[in-house]
Amino acid sequence: MNKHMARLRRTRKTRSRIASLGMVRLCVYRTNVHIYAQIISEDGNEVLASASTLEKEVRGNLKSGSNIEAAAIIGKRIAEKAKLVGIEKVAFDRSGFQYHGRIKALAEAARGSGLSF
């Protein structure tokens, strides 16, 4: 089993657990260049809020979209957007990525901005 297949296996396991809880989820995805976050409804059919380093307002303030500072900014933005929609509590879906580095920075920034998981 290679790294990609192992990550997908962890993803399926986490998402099935979150689906059984019936909670809104904060889904995070990262690439070598950018980081993305989405708030997805309980049934998984609708994206309620999203933030990424591709947004024009964010790109102008960043030197790179692939560092911890960028992840922290995205964490704050997704928490603010979730509050506007009326969401306070989510399940954290890290998409099989390790809770380390950029993923951890995004989660801590979102918690610091008032989102609870």
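Biologist: What makes Phe-92 in β4 the bridge partner of Leu-26, and how do you know that β1 and β4 pair?

Modeller: Leu-26 has Phe-92 as its bridge partner in β4, and that bridge belongs to a parallel pairing of β1 with strand β4 (residues 91-93), which extends over 3 bridges. The model is a predicted one, in which local features need pLDDT of at least 70 and side-chain atom pairs count only at pLDDT 80 or more, while totals for chains, interfaces and linings use all residues. Residues are numbered from 1 along each chain as its sequence is written, and side-chain values use heavy atoms, with hydrogens and water left out.

Biologist: Which residue of β2 is the bridge partner of Leu-26, and in what sense do β1 and β2 run?

Modeller: In β2 the partner of Leu-26 is Ile-39. Strand β1 (residues 25-30) and strand β2 (residues 35-40) run antiparallel and are joined by 6 bridges, with Tyr-29 standing opposite Tyr-36 of β2. The two strands form a hairpin, with 4 residues between them.

Biologist: How do you know that β2 also pairs with β3, and what is found in the turn of that hairpin?

Modeller: Strand β3 (residues 47-52) pairs with β2 over 5 bridges in the antiparallel sense, and one example is Ala-37, whose bridge partner in β3 is Ala-51. This hairpin has 6 residues between its strands, and Gly-44 in the turn has a positive phi of about 80°.

Biologist: Why is Thr-11 called buried, and with which residues is Thr-11 in contact beyond its neighbours in sequence?

Modeller: Buried means under 20% relative accessible area, exposed means over 50%, and partly exposed lies in between (1.4 Å probe, protein chains only); Thr-11 has 7% relative accessibility, and therefore counts as buried. Thr-11 has its place in helix α1 (residues 3-21). Setting aside neighbours within four places in sequence, Thr-11 is in contact (heavy atoms within 4.5 Å) with Ser-95 and Gly-96.

Biologist: Where is Ser-95 placed, and why is Ser-95 buried?

Modeller: Ser-95 sits in the loop between β4 and α4, and Ser-95 is buried because its relative accessible area is 2%. The phi of Ser-95 is near 55°, which is a positive value in a residue other than glycine.

Biologist: Why does Glu-69 count as exposed, and why is Lys-104 partly exposed?

Modeller: Glu-69, found in helix α3 (residues 68-85), has 53% relative accessibility and so counts as exposed. Lys-104, found in helix α4 (residues 102-112), has a relative accessible area of 35% and is therefore partly exposed. The C-alpha atoms of Lys-104 and Ala-71 are separated by 8.6 Å, although these residues are 33 apart along the chain.

Biologist: Which residues of α4 are buried, and what covers them?

Modeller: The buried residues in α4 are Arg-102, Ile-103, Ala-105, Leu-106, Ala-107, Ala-109 and Ala-110, and their cover includes β1, β2, α3 and β4. After α4 comes Gly-114, which has a positive phi near 105°.

Biologist: Why does the radius of gyration agree with a compact globule?

Modeller: The radius is taken over C-alpha atoms, and the globule rule is 2.2 Å times the number of residues to the power 0.38. For 117 residues a compact globule would have a radius near 13 Å, and the protein has 14 Å, so the two agree. The C-alpha trace spans about 40 × 40 × 25 Å along its principal axes, and 41% of the 117 residues count as buried. Among contacts with a separation of 6 or more, 60% come from residues 24 or more positions apart.

Notes
Pairing = 2+ DSSP bridges.
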